[in-house]
Amino acid sequence: LPSSFFEICSAEQIFNLPLFEVFFVVDCRHASDFAHGHIATSINLPPPPVAASEEEKLQIFQKTLNELFEEHSFPEMFSPIVAYDDGSTQCRAHLHWFIALLEKLKRRHEAQVDAYDHSCDPLSRFVRHTKVVWILDGGYEAFRKEFGFLCGNISISKMTPTPQK
């Protein structure tokens with residue numbers, strides 16, 4: 001997957017990001033694997049059914065983003081996006097599809113929209129602010145081995161700090 005749109009990064013590089021501030025972490029593993037444990041601030045974008053068309057995959061992705069934006073207050077900046085998988089053929093293919101989709105939508109968005117676009121559409125916001133995707137070298141297991149204290153089955157909503165009154 002040759003591109004300047006993504007970089008392979010180590011677990012340590014990911015650990016050094018302020019994950020609670022502006023970085024979007026995407027777990028491209030199956031939902032059952034995500035339920036057993038994931039990087040604490042990640043969201044799950046599991047592989048769609050094998051027989052899913054490109055349109056169906058895009059609809060699933062849009063639905064997932066819409067649900068996340070409704071449930072959580074995500075920041076305006078999404079770069080870098082951190083993405084990881086489990087190294088399996090299906091999840092790796094899904095991760096590559098995700099990156100290729102973002103890159104394609106980014107090119108389309110840049111060609112059609114001026115810099116002052118304030119679209120409320122979650123996919124447009126997501127794409128507009130994405131500059132690069134960092135792929136976690138070694139996937140979830142590599143991160144868990146080094147930084148297990150940041151892994152588990154906790155949701156973002158339980159980790160988001162709430163203001164003190």
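Q: Where is Asp-85 found?
A: Asp-85 is in the loop between strand 5 (81-84) and helix 4. Helices (H or I, at least four residues) and strands (E, at least two) are DSSP runs, numbered from the N terminus.

Q: Before we go on, what kind of model is this?
A: This is a predicted model, where local features need pLDDT of at least 70, side-chain atom pairs count only at pLDDT 80 or more, and totals for chains, interfaces and linings use all residues. Residues are numbered from 1 along each chain as its sequence is written, and side-chain values use heavy atoms, with hydrogens and water left out.

Q: Thanks! Is Asp-85 buried or exposed?
A: Asp-85 counts as buried, at 2% relative accessibility. Buried means under 20% relative accessible area, exposed over 50%, and partly exposed in between (1.4 Å probe, protein chains only).

Q: And which residues does Asp-85 touch?
A: Not counting residues up to four places away in sequence, Asp-85 touches Cys-28, Arg-29, Cys-91, Arg-92, Leu-95, Gly-139 and Tyr-140. Contact means heavy atoms within 4.5 Å.

Q: What does Arg-29 do with Tyr-140?
A: Arg-29 lies over the face of Tyr-140, at 4.2 Å from the ring centre. A charge sits over a ring if NZ of Lys or CZ of Arg is within 6 Å of the ring centre and within 35 degrees of the ring normal.

Q: New topic: how many helices and strands does the protein have?
A: The protein has seven helices and seven strands. Along the sequence, the pattern reads β-α-β-α-β-β-α-β-α-α-β-α-β-α.

Q: Let's look at helix 3. Which of its residues are buried?
A: The buried residues of helix 3 are Lys-57, Leu-58, Phe-61, Thr-64, Leu-65, Leu-68 and Phe-69. Seen down the helix axis, they fall within an arc of 130°, so they line one face of helix 3. The arc is that of the directions from the helix axis to the C-beta atoms.

Q: Why would one face collect residues like that?
A: An α-helix has 3.6 residues a turn, so residues three or four places apart point the same way.

Q: What's on the other side of helix 3?
A: Lys-63, Glu-70 and Glu-71 are exposed there.

Q: Now rings! How many aromatic pairs are there?
A: The structure holds seven aromatic pairs. In one of them, the rings of Phe-61 and Trp-97 have centres 6.5 Å apart and planes at 90°, so the pair is edge-to-face. Rings of Phe, Tyr and Trp (its six-membered ring) pair if their centres lie within 6.5 Å; planes under 30 degrees apart count as stacked, over 60 as edge-to-face and the rest as tilted.

Q: What does the Phe-61 and Trp-97 pair tie together?
A: Phe-61 lies in helix 3 and Trp-97 in helix 4, so the pair ties together parts that are 36 residues apart in sequence. Phe-61 also pairs with Phe-98: the ring centres are 5.6 Å apart and the planes are at 75°, so this pair is edge-to-face. Phe-98 is in helix 4, 37 residues from Phe-61.

Q: Are Phe-61 and Phe-98 buried or exposed?
A: Phe-61 is buried with a relative accessible area of 3%, and Phe-98 is buried with 0%.

Q: Last one: which residues form a ring cluster?
A: Ring pairs link Phe-15, Phe-143, Phe-147 and Phe-149 into a cluster.
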